[in-house]
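Please keep the structure open beside the text as you read.

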Amino acid sequence: MTNNFMKNHPFLFMGTLFLFLVLAILVCLNTGAATITPGQVFQTFIGNGGEKNALILFEFRLPRIVIAILVGAGLAVSGAILQSITKNDIAEPGIVGINAGAGLAVVLFIFFFQGSIAELGGISTYFLPAAALAGALSAAILIYIFAWKQGIAPVRLILVGIGVNSGFNAILIIIQLKMDPQDFSQAITWLSGSIWGSDWSYVLAILPWIFVLIPLAFLKASSLDIIHMGDEVAAGLGIHVEKERAIMLLVAVALAGACVSVAGNIAFLGLVAPHLVRRIIGPKHQYLLPASALMGALLLLIADTVGKNLLAPSEIPVGIVVSALGAPYFIYLLLKTN
């Protein structure tokens, strides 16, 4: 009965998600290695706080929060698109190998052009999403070629994606062995899913990609609804199926690549967020995509907050926290899939 109510009131559900997101932002601002009370946060934001609190909030916590929100929204929308255009409930950029391709490209970029992960900065920061897009596209093309056999079967897509993922990870290990020990350790942490670029330059690097690609996905919501009905139905309704599928695949891959460039390989978020939303408000993409973006942002921000504080002062990479929650759900979906 609750589900039917939410399906009839999707904006109420999205409003609830937004309120929870605001609450998560407030909690994240208050917690960390240095505890700042809500009153001190408020005083700092209106310009009456101390220099130390201003430095912590504006230079460390706030950009990290913004990146978590952008990455969570981007991965969730990417996962929702992939599930729709492949008609595969378990498609997701981390599972099918797209994130691994993007991660490999970023590590190669750092290794050959930057020399050291610790020195990454300046204008090269803005080339990371482009490098990640190239890697993600390479992975998507390989997966599409090897998975195609008179169409793309869901199980074949997953198996090919796992194979491509393993191949890229093997190459990554070879590259990492040529790094110095410090860079090797940092690369391992980042690839496990870590919001490592927590300053405003990384926000500016990913912001244009998110602000262009997510609204583009929203504009294509009706096309996704029709494509999800099947190729024959979509063609009968006047949709150029392959063209629309290619456009949406490019959007999904670009979103995943941009997110990986600043947050590493965060798997399962693009699987869990759209699934939870679809179960609550239904499959209509006009509501599914924006609600998935909010759900993804909320889940990643909560996971990052847990990862920062659970074993403080040590930090658990956010990708591990998400995987700990997402892996059981993935197994559950596999058991349900014919």
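Let us start with helix H10 (residues 221-228) and helix H12 (residues 241-263), whose axes come within 11 Å and cross at roughly 120°. Axes here are lines fitted to C-alpha atoms, for helices over the stretch in contact, and angles run from 0 to 180 degrees between N-to-C directions. H10 and H12 are therefore oblique to each other; angles under 35 degrees count as roughly parallel, over 145 as roughly antiparallel, 65 to 115 as roughly perpendicular and the rest as oblique. The crossing of H10 and H12 is left-handed, a term used if the near helix is turned anticlockwise from the far one by less than a right angle, with clockwise giving right-handed.

On the H10 side, the contact (heavy atoms within 4.5 Å) is made by Ser223, Leu224 and Ile227, and on the H12 side by Val241, Glu244, Arg245 and Met248. These residues of the H10 contact with H12 divide into 4 nonpolar, 1 polar and 2 charged. Ala, Val, Leu, Ile, Met, Phe, Trp, Tyr, Cys and Pro count as nonpolar, Asp, Glu, Lys and Arg as charged, and the others, Gly among them, as polar.

This is a predicted model, in which local features need pLDDT of at least 70 and side-chain atom pairs count only at pLDDT 80 or more, while totals for chains, interfaces and linings use all residues. Residues are numbered from 1 along each chain as its sequence is written, and side-chain values use heavy atoms, leaving out hydrogens and water.

Now for the rings: the count comes to 2 aromatic pairs. Rings of Phe, Tyr and Trp (its six-membered ring) pair if their centres lie within 6.5 Å; planes under 30 degrees apart count as stacked, over 60 as edge-to-face and the rest as tilted.

| Pair | Type | Centre to centre | Between the planes |
|---|---|---|---|
| Phe11 and Tyr287 | edge-to-face | 5.5 Å | 85° |
| Phe45 and Phe58 | edge-to-face | 5.2 Å | 75° |

The pair of Phe11 in helix H2 (residues 10-30) and Tyr287 in helix H14 (residues 285-309) links distant parts of the chain, 276 residues apart. Phe11 is exposed, with a relative accessible area of 58%, whereas Tyr287 is buried at 18%. Buried means under 20% relative accessible area, exposed over 50%, and partly exposed in between (1.4 Å probe, protein chains only). Phe45 counts as partly exposed at 40% relative accessibility, and Phe58 counts as partly exposed at 26%.

Definitions and conventions:
Helices (H or I, at least four residues) and strands (E, at least two) are DSSP runs, numbered from the N terminus.
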